[in-house]
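User: I would like to go through the side-chain packing of this model. Please take it question by question.

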Amino acid sequence: MPAPLVDRPGESRADATGPIRGNVDRARILGHYRTMARVRAFEEAADRALQAGHVKGAVHLSIGQEAVASGVCVNLDRGDFIVSNHRGHGHTLAKGADMGAMMAELFGRATGACQGKGGSMHIADFQVGMLGANGVVGAGIPIAVGAAHAMKLAGDPRIVTCFFGDGAINRGPFLEGLNWAKVFDLPVLFVCEDNGFAATTRTRAVTAGPGPGARAESLGIPSTPVDGNDVLAVDQTAAELVRLVRAGAGPQFLHARTYRLRGHTAVDPAPYRPAAEVEEHWRDEPIRRCRDLLVLGGLDTDELDRVVADAEAEAARAVADGLAAPHPEADLAWTDVQDVDMPGAGRPEARA
Ligand SMILES: Cc1ncc(C[n+]2csc(CCOP(=O)(O)OP(=O)(O)O)c2C)c(N)n1
């Protein structure tokens with residue numbers, strides 16, 4: 001059951017400038033609505049572009065999980081870092097990356113965030129502190145911990161947030177990364193985006209013990225659970241954890257429960273779960289919940305429709321610009337690529 005939309009029913013909902021729930025101002029909630037609408041519009045446009053044959057490589061949609069990205073990233077400064085996983089469009093957009101450069105990246109174009117060489121699962125944008133998505137499950141965790149260690153050694157106040165799924169807790173890098181982060185009390189917020197699935201498997205069927213939070217706590221890292229479809233709850237919980245990390249309290253762990261409304265990849269029809277289960281979760285999806293909250297707070301539905309229309313127009317421009325952009329020059333194939341000169345790897349001359 002979704003959480004109640006308002007904490008204090010009976011408060012003036014007609015005063016649309018006042019707080020809507022608790023002390024949260026409507027501008028902040030509207031900001032979440034805009035961010036989540038942009039993520040949704042980007043992914044729906046990417047999905048259509050994929051069906052039309054424009055996308056190179058796999059695409060993993062985060063439809064239904066947008067509140068985690070928005071609620072966490074709103075609490076980060078532009079200079080703070082994030083590390084993401086294969087389902088990273090929402091995190092990347094919420095951190096401030098350019099939608100056009102992201103779409104062009106999916107299309108393998110020279111104007112893409114990584115000049116078209118990374119694709120959906122390897123988008124990075126250092127200008128907004130986005131250190132990279134990652135196609136290898138769990139592999140972002142040691143990268144985030146390494147970045148956090150570098151910040152601590154340099155006396156740099158920036159912090160690192162690491163997003164990963166519930167499936168990642170069953171991989172070795174989870175243990176190694178969390179252990180190292182705690183041993184050195186590093187400035188890192190771990191965000192486990194628990195959508196209940198690891199690819200086509202229910203994660204609980206392959207997970208021993210009580211799950212993500214208990215594993216973090218076994219290493220001395222406090223874990224805080226949150227309803228990951230309630231963007232305000234995520235925002236408020238993340239705000240406190242970010243405050244603790246910034247204050248030097250060491251690593252923190254946010255366990256956000258959510259649901260993946262689409263298949264594992266954009267082309268997965270997800271026959272391994274009942275349609276009724278998915279339908280039920282559509283009723284609990286975060287953008288609709290946020291909209292209901294804003295409407296209860298007195299916001300005009302026309303204004304909310306305009307937010308969605310603007311997001312869809314931005315995504316449509318990103319698609320058009322991406323399709324019009326050139327592919328990278330062939331002779332740049334080996335630039336900005338790691339280890340190309342290692343014997344046996346990369347450049348054909350090096351392989352010979
Ligand atoms: C090391 C590794 N093993 C297997 C895979 C194949 N794979 C890709 S995504 C995925 C499931 C990951 O589940 P989770 O971490 O919960 O993220 P979600 O897909 O649910 O967002 C798997 C097994 C991979 N990419 N990397």
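**Packing in a predicted model**

Analyst: This is a predicted model. Beyond its neighbours within four places in sequence, D235 is in contact with R28, H32, G71, V74 and N75.

User: Is D235 buried or exposed?

Analyst: D235 lies in helix α8, residues 231–246. Its relative accessible area is 3%. Buried means under 20%, so D235 is buried.

User: Which residues is I29 in contact with, leaving aside neighbours within four places in sequence?

Analyst: I29 is among the residues with the most contacts inside the largest nonpolar core. Leaving those neighbours aside, its contacts are I20, V24, L232, C290, L293 and L294.

User: Are α10 and α11 roughly parallel or roughly antiparallel?

Analyst: The axes of α10 (residues 286–296) and α11 (residues 301–324) come within 10 Å. They cross at roughly 150°. Angles over 145 degrees count as roughly antiparallel, so α10 and α11 are roughly antiparallel.

User: How do the residues of the contact of α10 with α11 divide into nonpolar, polar and charged?

Analyst: From α10, R291, L294 and V295 take part; they meet T301, L304 and D305 in α11. The residues divide into three nonpolar, one polar and two charged.

How values were computed: Residues are numbered from 1 along each chain as its sequence is written. This is a predicted model: local features need pLDDT of at least 70, side-chain atom pairs count only at pLDDT 80 or more; totals for chains, interfaces and linings use all residues. Side-chain values use heavy atoms; hydrogens and water are left out. A nonpolar core is a set of buried Ala, Val, Leu, Ile, Met, Phe, Trp, Tyr and Cys residues joined through side-chain atoms within 4.5 Å. Buried means under 20% relative accessible area, exposed over 50%, partly exposed in between (1.4 Å probe, protein chains only). Contact means heavy atoms within 4.5 Å. Axes are lines fitted to C-alpha atoms, for helices over the stretch in contact, and angles run from 0 to 180 degrees between N-to-C directions. Helices (H or I, at least four residues) and strands (E, at least two) are DSSP runs, numbered from the N terminus. Angles under 35 degrees count as roughly parallel, over 145 as roughly antiparallel, 65 to 115 as roughly perpendicular and the rest as oblique. Ala, Val, Leu, Ile, Met, Phe, Trp, Tyr, Cys and Pro count as nonpolar, Asp, Glu, Lys and Arg as charged, and the others, Gly among them, as polar.
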